[in-house]
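User: Please take a close look at one part of this structure, the packing between a pair of helices. I would like a connected account of the geometry and of the residues that take part.

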Amino acid sequence: MLWLATSIVHHANKVRETQSGVKVGGHQASSASMVGIMTALYFKHLAAADRVSVKPHAAPVLHAINYLLGRLDPGYLTELRSFGGLQSYPSRSKDPDPVDFATGSVGIGATATLWSALAHRYVAGHFDVPQGGRQVALLGDAELDEGAIWEALVDPMVPHLGEALWIVDLNRQSLDRVVPDIAAGRIGAMFDAAGWQTITVKYGRRLRELFTREGGEALRKRIDAMSNEEYQRLLRTPADQLRERVPGAGRGRKPIEKLLGDLEDTEIHAAVRDLAGHDLSDLLDAFRTADDATDRPSVIFAYTIKAWSLPTQGHPANHSALLSGEQWKTLAGELGADADDPWALFEPGTTEAALCADAAVRLTRPDTPRREPPKVVTDVGRDHAGKASTQQAFGRFFVDLAHAAPEVADHVVTVSPDVASSTNLGGWINRTGIFSIGDRIDWFADDTETLIKWRQTGHGQHIELGIAEGNLVGVLGELGATWSRDGQPLLPIGTIYDPFINRALEPWSFGMYAGGQSILVGTPSGVTLAPEGGAHQSITTPSVGLEQPRCIAWEPAFGQDLEWTLLYALSRLGRPDGTSAYFRLSTRPIDQKLAAVPADPAAREKRRAQVLAGGYRIRAAEAPPRATIVAMGVMVPEALAAADELAQAGIATDVICLTSADLVFRAMQARQGLADGEDAILDELFPADRRAPLVTVLDGHPHTLAFLSAITRTPIACLGVQDFGQSGDVNDLYRHFGIDTDTIVGAALDLIG
Ligand SMILES: Cc1ncc(C[n+]2csc(CCOP(=O)(O)OP(=O)(O)O)c2C)c(N)n1
Ligand SMILES: [Mg+2]
């Protein structure tokens, strides 16, 4: 394993030619650190149903295992980090061999195992799928610096996930340095406090034997109390100097000196580096202890050496260090490998070959039949009348869905980080209940003043989290991946206050990269959240949504548009070619009559198609327009009022209501041959005979719609919000930020001279 992992990186850097001169990279030291752990795990302990998240920099070890198990074509071993080759970090979607979790952004890949455990429990509790399997994460020790880890650990559901096992590769090093002091004890206590079983695999058998001798206890205390930095220094100290350094200056010096006096230099040298995280049998014992605790997760702290058995072992700067050609050849000699035939498999008939064959059979997963997601209706039949906000329409949508399409509703699972009621999920929660691990008593069931029934059972369809946006998108990602793991699609919808989209952004995006599909609803949004003010008002999220790969961003203005787009978004989930969606909603009540949804079925269907393609002309001037106002979301009433004023002044003005700037941008790219896709919506929104200067307006950053002038090739004025929010009433703020009716009119007049 050590040889293959090292050689995969070696070949990419020292053998394969690169044209550009850009360094290839790869991590021999981080891989060497984990070979013991991964060998013990895969070749002995793991079962087919288990899933493993491998720390990003040990990707070469995972590929080496897959190669030995016959799951990876040898041709890939020379293609680490090449175009179409093995990815630098384990990738579910891009690697050619089986990878259970995408990792790379440290912290996220590890916590994904917890959300995967939860998602599996959910899907197994609601649908007929095979149950079971452990969820294992292999982490670097510095990965525990990440907030994502601790955000996950304090979630109240996590301590119940007995199927979760984390194994920390405790090599005392991060990227830049030796981790200061001795963090392990403190971190262990934190896992303990979070309700985990903690297991430590620290000293190897050589050291353990020494500890039983006279002076052994002093030696153990000395190493236990040694800072990480001093210990790492010992790993790089020549044998003859260890006799001086190891005893230290404390009270134990004399007995330790005496103990070492009986040993050869080479024995001291071997003892100092004798850590059990490289001892297969100690590791297997720890794995079994972990299995014994089924009512809570387990974490194993396995002490290891970074760059174990390589010339750079234990050096603080070894993170990206590569072996020279000479060192690599020497390693071949030490490990009994052949530098001229680096990818040679074990000879048939050997114990090693038999072990590989055995593991390959044990780890073969049966094919899971993939169920199709339910067919989603195109309409739930609600008459959107009166004044309503998109957030209200969102809440009502679920009640309608349960009536109009019960099978679809059965597949919906909602998730919220403590904002379910304030994002209007109350009605849905009352209908379906809350999912919990084990039933819980609802102590407020008989309280007549309770509006939301907090009924928690294994059958609920809402998952409530603490105030943890990272956890939210982690759970969404895994709920959105059950179609690929269990063969059973779910339709996950998460709600979040829109300004916190940015906090969730990176793990949200990573979840999509990893293959999860879900809907994220950001509400309320923008300065329209007026009285609440300040940094609670989201500004950049419209462009964040537009730029997010594998996701369609929607910002509907009306209830009908929300209904159609949400149904469409649901129809895109839970499938190999699926897409996620982001909805930016608002609490501003808007007169639904303004939408003027056509009553004639054909015209209505045409409207629906346009809503789903990105927008429609909500007001057509009678004469050829001299200006076009393009508005998105809550700004549509202001745009219509501005068009009225302009019309009164004799200036014919069209108004376009955008439902998705994202889709219109894609259509523009498609028209120019820069991307695949449909472009017909461009001619519907901006036909050649109606082209006029554009005023764009949204409750968000104005640059989001600036691209539209490249479609119309007319002058453009972009209105929107460019500074932090303020408290006030909606009209105060619209005026302050220049997105009010007067400013729209003024901008149009300026444009047309
Ligand atoms: C979120 C994030 N921040 C930073 C990095 C860059 N990075 C990659 S590995 C690493 C150090 C990891 O140390 P550790 O987890 O102990 O792994 P080791 O290589 O020591 O096994 C850093 C900072 C990253 N990949 N992801
Ligand atoms: Mg480390």
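Analyst: The following account concerns helix H25 and helix H30 and then turns to another helix pair for context. The model is predicted.

Helix H25 covers residues 636-648, and helix H30 covers residues 741-752. Their axes come within 8 Å and cross at roughly 50 degrees. The crossing of H25 past H30 is right-handed.

On the H25 side, the contact is formed by Glu 638, Ala 639, Ala 641, Ala 642, Glu 645 and Leu 646. These residues meet Thr 741, Ile 744, Val 745 and Ala 748 of H30. By class, the contact of H25 with H30 comprises 7 nonpolar residues, 1 polar residue and 2 charged residues.

A second pair may be set beside this one. Helix H23 (residues 559-571) packs against helix H24 (residues 601-613) at an angle of about 65 degrees, and their axes are 9 Å apart. H23 passes H24 in a crossing that is right-handed. From H23, Asp 561, Trp 564, Thr 565 and Tyr 568 take part, meeting Arg 608, Val 611 and Leu 612 of H24. The residues of this contact of H23 with H24 divide into 4 nonpolar, 1 polar and 2 charged.

How values were computed. Residues numbered from 1 in each chain as written. Chains lettered and ligands numbered in written order. Predicted model: local features only at pLDDT ≥ 70, side-chain atom pairs only at ≥ 80, totals over all residues. Axes fitted to C-alpha atoms, helices over the stretch in contact; angles between N-to-C directions. Helix = DSSP H or I, 4+ residues; strand = E, 2+ residues; numbered from the N terminus. Left-handed = near helix turned anticlockwise from the far one by under 90°. Contact = placed C-beta atoms within 7 Å. Nonpolar A, V, L, I, M, F, W, Y, C, P; charged D, E, K, R; others polar.
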